Amino acid sequence: MSNIPEDLRYSEEHEWIRPASNHVTIGVTDHAQEQLGDVVFVELPEVGDEITRGAEFGAIESTKAYSELFAPVTGEVTEVNDSLIDAPEMLNKDPYGDGWMIRIAPAEESDIDDLMDAEAYREHIENEK
Amino acid sequence: MSDMKKTVFHDRHVSLGAKMVEFGRWEMPISYPNGTVEEHLATRRTAGLFDVSHMGRFRITGRGALRFLNHVLTNNVEALDPRQQGSQYTLIPTEEGGAVDDAYLYCFVPDEYLLVVNASNTEKDWEHLNGFLGGFEDVTMENVTDEESMLALQGPNSRAILEKLLDDGLLPEPMRNSVSTAAVAGTPTRVARTGYTGEPLGFELFVPANRAVELWDALVAEGAVPVGLGARDTLRLEAGLPLYGQDLGVNSQGEEMPLLSTPLAKVGLSFAAGKGQFVGRAALEKQFEAFGRIMRRDYSMMDVLPRMVRSVAVAGRGVARTGSKVLKEGKEVGHVTSGTMVPCCVVEGHGLESRLTDEKKLRSICLAHIDSDIVEDEQMEIEIRGKKVPAVVVPYHLRSEAPPFARPIIFDHEPPSKDLPQGDEPTQVRSLLKKSLENHVWRQKECINLIPSEMTTSPMTSLLSITDPSCRYAEHRSSKAFYDEEIFYYQGTDFIDEVERMLHEELCKFLGCTEVETRVISGQMANMAVFSAMVDYLNRTDRKSEPRRIARIMNNHIAKGGHLSAQPMGALRDFVARDPQTERPAVFNFPVLVENPFKIDVPKTLEMIDEVRPEFIIFGKSMVLHREPVAAVRRHLDDRKLDAVVMYDMAHVLGLVGPHFQEPFKEGADMVTGSTHKTFYGTQRGIIGGRFEENEERYQLWEAVQRRAFPGSTSNHHLGTLLGLLMACYEMNYFKDSYQTKVLSNAKAFAVALKDSGLDVAGDPEIDFTETHQVLVRVGYGRGPEIARRLEDNNIVCNYQAMPDEEGFTVAGGLRFGVSEMTRFGMEPDDFKELAGIIHDVVVSDKDVRDEAKALRQRFLDLGFCFRKEDYADLWQDLHELIG
């Protein structure tokens, strides 16, 4: 069973969201990286870009396939994890830590409230099987 | 997944934690827990183990098998020979010139074939092939996929792993596509040097299904890393190998492609006469013509092959995937057929000393089916998720010719340039003189020179080489109008005329023959002049038709010591015919003894002569420990009344001609070629000797040799070194008895001392390892270059040498030493014993012995076996002063 930290929020597209005082950090879940296999390329937006909840904001390439990334919340990108360009495997090795993808300043606080908690996400994975 | 087929290794995959997927109705591992990237790199760095038992395997037997296979496959089945090349890439063509599948055909024992096809096409292929069976008598085709399992072991450690587990039999000869039958880890195994990874060291193993798991376990225990289908795909993509259904047969758009749209298919295509009207021949001949034109950048037949599958590197950020559009100047020119990010090891250093590091990087590469008029280096764009990413057509992504590693080729990588000293001409002159002086002192006073093909000339030989006529011309040829007198074209040549006649006399005396041609300026040129003369002679009765080449030649294989100057890849290339049956150069190599691969197996060679009926037999090699069996072969030819010309390229051993080593003409050689600067201690030139008498028919061959020397090979035949050579001939004829015995006894003493020091000396210990001036030492697979460099750093100069079972010079595991030069400087058996100890310290203990080597050399600075300048002091002085 994959690792699902209790203190995070989750989207149906298998992203995790870590809220902080004025920004949220976004990454992909352990379950997602297991399904993807070896990640070899990550395409992310640039600082200052606006991303919109439900719209595509980037993509992940693994040796098997490519998967688009859909924004779990709306907001402006404030920081991007550039180390993933040269070390995309961090996304497999440490999905909740060094494998984080972007930080954004959310436009709507309510977006976060709509996300799943750990238990709901666990159920979501079960239902997908 | 329950109704899917499982290979016998299924339990192993599951217990290793593999992710299993469906592939061609089989349940197969896509990757193991370490993941595709690590599996890819493990194959490139160590050895990957692949379960490929899902591939379809058909056994074809019966007297009609060859005819049947020649009809339904594209390659030339007659070229298969378990002794030489037991496997080949091939394709199953359609009548329209498309591909039903691509495949590998194996022949481990005569008249029995194994066809390996893609798993997903097995049923289709079986039905297709069965459709043709009715037209052939005495052919049986069986599907043996389930009774025999198949594993691939690929990567730099694969050879060592198999060697460790080898109980009986041998691994295949060190050439791609060779095969053997052996027992590996107690399992009867058929082994082939084939694979789908681009690894220069790689094997595919066929084993009875009920014994296969044992073999898997043994290979894993020796360090082979299980690799899934994911990495199998990235490895083959990096190697530029096509996958049926994407890059071959049917493209990523689902469209059928002409077979030669995939350039690699050309390797598997033959129009040999023996193939008759095979399936698709007419269409494929048209494609072949179109392909040739496109390669010549003539696009007049592009309608036949509108698009081709090419290797493409993605220059910008992004991953090209199967189906991505390829654009050139905004216009669609094709699609990506296979593409992904592949990992590679970062390479440190450059050239022979470059090493793969533990660091890895990822690069985005693909194969794309694009317009045939797009050429290498052209800039294109690939549409990746709506973005146009720059890409460039490249010749390849990986090179396999430098074992043990496959080397990634990064399209925009430039090797570092070596700096040259800068300055104006006067500055450069000073620097050049200084460096020449340093080099001379180093090689002549501080180094132990052990390269067997090198020699220091005596002071008088050296001096004469640079006196006048060193800057002159003296072209001449004999004329029948003047009773075969030599007619010179220029004035001022009376002296050199006399020198050449004296040289002729001295060399005839030395070689024991009647004719010598001395105008060739190297051993290689001597060989080329003889080969060219052979062609001239063979065509002597018909001067109007296109001349034919030498039909069948026997020689030493390059890996067994044969020199490039008598190989199809070297000087023989333009003179040897192609064997119509195998479509390879019609060269047949002397069989060698299994227990001593440095020695020709005489009984087997005589059998081969009866079978091959060669027109031309070439003895001689550059890795040479033994005499060549000239007398035995001559006797056999005479007994059988076979008309073959026997040549002995004595290159290395020319200076040993005589009763202590071998007398080639007494033994029955027709011609001897050689270079005059190895054991023969003359200037750097070549010679050709012949035994022909003027009254015999064969004398026409000798006349052809003279014509092919001049005007065929040289105009200016380097008169200075010719003069020097005459001096060396006097020295040789005068001193040869003591010189030759000393060289031969020193070589044996050196070999024994190296062995006693603990080093692994190659050859037969019964004869003290060598019958020549050479000694060979095994230092470990692939370690030759590094150790030879280390010895050089310690003032001991030799060369690294690939041993008979090794794949090439980059994995050379031997050192080659020659004692002749240091023998001339006075070294005796005890001195070579001392030297053996010093060499041992470098090879085994990596000790710094520079001072010891230098000190040893300082005791041997005086060149012997030559006339002393002191005895001719007056003339020496005058000549010396005149030079400068």
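Which residue of S20(B) is the bridge partner of B:Ser338? In this predicted model, local features need pLDDT of at least 70 and side-chain atom pairs count only at pLDDT 80 or more, whereas totals for chains, interfaces and linings use all residues. Residues are numbered from 1 along each chain as its sequence is written, chains are lettered from A and ligands numbered from 1 in the order in which they are written, and side-chain values use heavy atoms, with hydrogens and water left out.

The partner of B:Ser338 in S20(B) is B:Leu367. Strands S19 (residues 331-348) and S20 (residues 355-371) of chain B run antiparallel and are joined by 13 bridges; strands (E, at least two residues) and helices (H or I, at least four) are DSSP runs numbered from the N terminus, and two strands pair if DSSP finds at least two bridges between them. In chain B, six strands, in the order S17-S20-S19-S18-S21-S22, close into a barrel with antiparallel pairing.

The axes of helices H9 (residues 425-446) and H21 (residues 850-858), both of chain B, come within 8 Å and cross at roughly 75°, where axes are lines fitted to C-alpha atoms, for helices over the stretch in contact, and angles run from 0 to 180 degrees between N-to-C directions. H9(B) and H21(B) are therefore roughly perpendicular to each other (65 to 115 degrees). Their contact (heavy atoms within 4.5 Å) involves B:Arg443, B:Gln444, B:Lys445 and B:Glu446 of H9(B), together with B:Ala853, B:Lys854, B:Arg857 and B:Gln858 of H21(B).

Helix H11(B) is followed by B:Gly512, whose phi is positive, near 75°.

Definitions and conventions. Angles under 35 degrees count as roughly parallel, over 145 as roughly antiparallel, 65 to 115 as roughly perpendicular and the rest as oblique.
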